[in-house]
Amino acid sequence: MDRNYKIDEWKIIEEGFRPENNRASESVFSIGNGYMGQRANFEEKYSGDSLRGSYIAGIYYPDKTRVGWWKNGYPEYFAKVLNSPNWIGIDIKIDGEELDLDRCKILYFQRELNMKEGVLFRHFSVRLNNGIRADIKSSRFLSLDDHEIGAISYTISLPEKGGRINITPYIDGNVVNEDANYGEAFWNEDSRLTDNGNSLLVTSTRKTNFSVAYAIDYCLYNKNRKIDLEPVLHSREMYVGHSFEIDATSGNEYTLFKYAAILSSQNNTVNDLGQLATAKVRKASAKGFDMLLTAHKNAWHKKWDESDIIIKGDPAAQQGIRFNIFHLYQTYTGDDKRLNIGPKGFTGEKYGGSTYWDTEAFAFPFYLMTSDLHVARNLLLYRYKHLGKAIENAAKLGFNKGAALYPMVTINGEECHNEWEITFEEIHRNGAIAYAIYNYIEHTGDKSYLEDYGLEVLIALSRFWRQRVNYSEPKDKYVILGVTGPNEYENNVNNNWYTNKIAQWTLRYTLDCIKDVKSSAPAKYKDLSDRISFDDTIETAEWKEIIDNLFFPYDDNEDVFLQQEGYLDKLQQLTSDIRAEERPINQHWSWDRILRSCFIKQADVIQGLYFFEEEYDTETIRRNYDFYEPRTVHESSLSPSIYSIMASRIDRIDKAYELYLRTARLDIDDINKEVKEGLHITSMAGTWLSIVEGFAGLKVKQQKLYLNPLIPDAWQLYSLMIRFRNKLLKISISQGKAEVHNLSDKQVCIMVKGEEKTINAGDKEFFKI
Ligand code: BGC
């Protein structure tokens, strides 16, 4: 296979510059620290094809939607995390000619993303049209130690002949989103300042009024000697910068250090923003690049020490999983309950940095099992804080009495997805939110969350399901009509098995939780019931009636759960019947043809079997798998991981491994040909799950941790780290053997292949597998 990047266990390496792949590389080499993200755009000018992208978490704009046929209930806007002022810019001219990789001869080019340390490095050598040869080495990072700081080291040398170099570090707020619906600019300038020390640009977003201050400072070194500079100051609308010139002698290296402090009104008092940013950048510059870098690297080392997955014997798989873990941590660190995980994180404009069901269904277990408890709790609290809006959202669609429908896409709790099939119909998202609460309680045992917040959300969700079902006389059953399941290649279907399953499960789980909270915290329960006017007798009786009488489509001939009523009326074909040149079908077929076909975009029935695996025997899972997998085109990045996990579950390790590679290297190998738009961050969590829940068979059931490991033939060993009940465990699986190392100071119990084992604090135990 042709790979875009070299295989390396800790790095992504691009050798040679291919302009046609530049947008994809800008996504792959993105850096971030949970609060900010930056695509791998060049510091110096680049007039070739590029998607400029600097993003700040939580800073969004309500872009007016474009909908031809407006209907009641459609959202008014699509929220976007914005492309924000460019803080990385450094313009270079040598003997009057601009350095621009699109306009000169590239002699050498290498880009490297060091995932162990969170640093983007670039080394290239060019011949300008005026004959000058220049070598450049640049490194940059967004600090994981101080989330408001970014730093760049940019070294220039002229190996053949000296010349006059003009250098301009700047901040430029004249930026746009490529996907702006009406070509509007989203930022206003509030103030700007440039003096002999540093430059400052204070901006604010239109409509949403977030303020962000950008302060930069810089200095230039020749070897270890700081050079005195006499800069020319530039200040114009939305732009501040300094230029200076040096006479560079051949063979000498000149390094510009550029520091940026980026402070938003989300975390600072708005009136002092400029001053605070200036003070902060001065402090950063006084510390210097190396010291900032050391603190940043240490923060990354700490993350890796507690969450690395090691795979021995398969470097491509190793690189894949580290790439996924790295980007997940770059996107979300979990310390701020206002933030969440966009499907593309901070690596592109698509999906607008908004929150989808992806968070609860895919990303949540990753943070739950790798991070401190507060991280997962914050993700749950994000939805708790949006409960009022979810109730309003349901009310807009005609539901009442405290029923909540969480949005399919949101930043501030309001729905901002404007395709009716998704907004009105893809209601299974409500179920994933309930499932995350369940998952959290199972893993952590933190019942206080349920008492204080979780139960309130569950009751509101159950109230929604109660109103969303209707009784069907001919069937003498309750039905859920007009939905879109996880398979978005099918709309407006009746009784999608997955949706019905998760609705029924939510109602049942809510009843269990009511019972629990009533006995563990009766006063809190009473308080909640009064506050939300919950009629314990009538409402729960209605829910029970639905649980017992909900309709589930089934096909006796195939002996499988039917994805929805009428699924088998479709012309039954397999994905092997589709010609290779027509894949992916979403880029080659009309939408009408896709909707009428039997092809499934992503796990749907299998998603349900994944969540509720313990309710089904292996034979049932196998039959459904064998029916649905050959019909699934996996055109959502969220699909292969779930199928990989379920392939492990039915002992199809080769299939599980094939799908693992597809999910783990989806972006590095650009399998779906869309990486230029950004990375599939939420699906990266699915990749992690396909090792942890798939190969290792780790799952918490009835509050116990189960380990049922398999190992792909290609691997000599793999090891992973998870937290369970506040205990850190390292689990290593090799051919025929599993080792569990209890790294905590308390005993832990674990079910290994069905047998309960106790491992003392600090001990390692081996098991045959
Ligand atoms: C998938 C959805 C997902 C969305 C964002 C779509 O392609 O079908 O399930 O929520 O992408 O990742």
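Histidine 634 lies in the loop between α17 (618-628) and α18 (639-649), where helices (H or I, at least four residues) and strands (E, at least two) are DSSP runs numbered from the N terminus. Although histidine 634 is not a glycine, its phi is positive, at about 55°. Most residues other than glycine have a negative phi, and most peptide bonds are trans.

The model is predicted, and local features need pLDDT of at least 70, side-chain atom pairs count only at pLDDT 80 or more, while totals for chains, interfaces and linings use all residues. Residues are numbered from 1 along each chain as its sequence is written, and side-chain values use heavy atoms, with hydrogens and water left out.

**The ligand site**

The ligand sits in the largest pocket. A pocket here is an open set of points on a 1 Å grid over the protein atoms alone, where a 1.4 Å probe fits and protein lies on both sides within 12 Å along at least five of seven lines, and a molecule sits in it if more than half of its atoms lie within 2 Å of its grid points. Surrounding the ligand are Pro343, Tyr351, Tyr356, Trp357, Asp358, Glu488, Lys601, Gln602, Ser636 and Leu638, a residue being counted if one of its heavy atoms lies within 4 Å. By class this shell has five nonpolar, two polar and three charged residues; Ala, Val, Leu, Ile, Met, Phe, Trp, Tyr, Cys and Pro count as nonpolar, Asp, Glu, Lys and Arg as charged, and the others, Gly among them, as polar.

| Side chain | Distance to a ligand oxygen atom |
|---|---|
| Tryptophan 357 | 3.0 Å |
| Lysine 601 | 2.8 Å |
| Glutamine 602 | 2.5 Å |

Taken alone the ligand exposes 310 Å², and the protein buries 91% of that, with accessible areas from the Shrake-Rupley method and a 1.4 Å probe.

**Strand pairing**

Two strands pair if DSSP finds at least two bridges between them. Strand β7 (residues 90-94) runs antiparallel to β8 and is joined to it by two bridges; lysine 93 has glutamate 98 in β8 as its bridge partner.

Elsewhere, β14 (residues 187-194) and β15 (residues 199-205) pair in the antiparallel sense over seven bridges, and a hairpin connects these two strands through four residues. Leucine 193 is bridged to leucine 200 in β15.

Strand β26 (residues 699-701) pairs with β27 (residues 704-707) in the antiparallel sense over three bridges, with tyrosine 706 in β27 as the bridge partner of lysine 699. Their hairpin has two residues between the strands, and glutamine 702 takes a positive phi near 40° there. Strand β27 also pairs in the parallel sense with β31 (residues 748-752), over three bridges, and leucine 707 has valine 752 in β31 as its bridge partner.

Note on methods. A polar contact is a pair of N or O atoms within 3.5 Å; within protein, one must be able to donate a hydrogen and the other to accept it, and residues adjacent in sequence count only if both atoms are side-chain atoms. On a 1 Å grid over the protein atoms alone, a cavity is a set of points where a 1.4 Å probe fits but cannot get out, and a pocket is an open set with protein on both sides within 12 Å along at least five of seven lines; lining residues have an atom within 4 Å of a point.
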